[in-house]
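Visitor: Could you walk me through this model before I set anything up with it? I'd like to talk about the ligand site and then the charged pairs.

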Amino acid sequence: MSRVLVTGGVSGLGRELTRQLLARGDQVLVGDLAPSRTDDVPEDAAYLHLDVRSEGDWAAAREWVEREWGGLDLLVNNAGIATGGRIDVESLADWERVVDINLLGVVRGCRTFVPVLKAQGSGRIVNVASLAGFIHGPGMSSYNAAKAGVVALSETLGFELGPWGIGVSVVCPSFFRTNLHTSLAGTDSEMEATATSLIQGAPYTAEDVAAAVIEGIDAGEPVILPDEIARTMVATKTRDRAAYDAWGRDGGARLAHKGRSS
Ligand SMILES: NC(=O)c1ccc[n+]([C@@H]2O[C@H](COP(=O)([O-])OP(=O)(O)OC[C@H]3O[C@@H](n4cnc5c(N)ncnc54)[C@H](O)[C@@H]3O)[C@@H](O)[C@H]2O)c1
């Protein structure tokens with residue numbers, strides 16, 4: 001039985017991970033934006049207000065974990081938002097928001113709990129990035145850059161913390177159906193409409209992705225590619241760079257054509 005903290009566990013992937021971890025007997029603390037527990041928090045999970053932008057909230061989460069559990073086995077940095085926009089249309093405020101939540105939110109979580117895991121000499125950190133951390137389609141630079149940062153952070157920490165008995169995994173799914181599009185609040189409404197339809201029309205559910213993520217965690221995989229689209233696209237970029245570049249150029253040309261004709 002593991003003691004697990006899941007950020008962003010009120011909705012989507014975080015909620016499904018929480019449900020599936022509880023079902024197999026783990027203890028889960030959910031941290032999310034709601035000031036107090038809502039009906040969306042799975043019944044047997046504990047709940048704490050934890051805005052991943054707040055150092056104070058992270059300190060309170062560490063205090064809770066040490067007081068209630070005496071330690072932590074698994075930190076899942078899952079909380080995140082969506083952004084989408086062309087470089088000359090999306091606002092800098094949107095860039096700052098996505099970096100603060102999707103990248104620095106993960107950094108804060110790692111900085112808070114690494115001392116706890118080092119003292120134990122055990123534990124695992126699982127950072128939810130995205131396929132966007134590897135595959136950089138046009139019109140999504142802020143999201144892609146923040147998620148690529150999470151991939152780099154995770155790989156770095158995997159090497160750095162291995163000698164301390166701490167494992168690190170990064171999760172890179174392609175689009176799956178959740179409430180992620182409701183966090184879009186930027187300046188490029190056209191790109192945001194595209195992102196919304198990709199999330200809403202995705203072939204995978206949060207349930208599918210959570211099950212594959214848990215398998216990857218159990219196998220100690222450093223990079224968890226939980227769906228077929230993610231596996232295929234990463235393999236293409238790695239083994240057939242020309243095909244990947246052609247895909248990206250085609251997307252860029254379609255975006256430019258749309259921009260010129262609107
Ligand atoms: N849905 C997809 O297509 C997709 C694809 C790849 C990666 N992801 C990533 O999966 C993760 C989970 O997203 P989801 O799709 O389940 O979306 P979701 O919107 O359904 O869930 C995200 C959760 O994060 C919480 N959250 C947002 N900002 C927060 C903050 N500052 N502090 C604490 N909690 C916060 C939200 O309240 C929500 O409960 C995100 O990191 C997202 O970028 C999603």
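Predicted model: local features only at pLDDT ≥ 70, side-chain atom pairs only at ≥ 80, totals over all residues.

Visitor: OK, how many residues surround the ligand, and which are the closest?

Guide: The ligand is surrounded by 27 residues, and the closest of these are Ser11, Leu13, Asp32, Tyr143 and Thr178. By class, the shell divides into 14 nonpolar, 9 polar and 4 charged residues.

Visitor: Which helices each supply at least two residues of that shell?

Guide: Helix H1, covering 12-23, and helix H4, covering 141-161, each contribute at least two residues to the shell around the ligand.

Visitor: How much of the ligand's accessible area does the protein cover?

Guide: On its own the ligand has 830 Å² of accessible area, and the protein covers 94% of that.

Visitor: Switching topic, how many salt bridges does a search of the whole structure find?

Guide: The search finds 14 salt bridges. One of them pairs Glu16 with Arg19, with the closest N and O atoms 2.9 Å apart.

Visitor: Where do Glu16 and Arg19 sit relative to each other?

Guide: Both belong to helix H1, and because they are 3 residues apart there, about one helical turn separates them. Glu16 is buried at 11% relative accessible area, whereas Arg19 counts as partly exposed at 39%.

Visitor: What about Asp94, which residue does it form a salt bridge with?

Guide: Asp94 forms a salt bridge with Arg97, and their closest N and O atoms are 3.2 Å apart. The two lie 3 residues apart in helix H3, residues 92-120, which is about one turn of the helix. Asp94 is buried, with a relative accessible area of 3%, while Arg97 is partly exposed at 25%.

Visitor: And Arg241 with Asp245, buried or partly exposed?

Guide: Their side chains meet in a salt bridge at 3.1 Å, N to O, and they are 4 residues apart in helix H8, residues 241-261, so about one helical turn lies between them. Arg241 is partly exposed at 46%, and Asp245 is partly exposed at 28%.

Technical notes: Residues numbered from 1 in each chain as written. Heavy atoms only, no water. Near = heavy atom within 4 Å. Areas by Shrake-Rupley, 256 points an atom, 1.4 Å probe, with all protein chains shown as cover. Nonpolar A, V, L, I, M, F, W, Y, C, P; charged D, E, K, R; others polar. Salt bridge = Lys/Arg side-chain N within 4 Å of Asp/Glu carboxyl O. Buried < 20%, exposed > 50% of the residue type's maximum accessible area, 1.4 Å probe, protein only.
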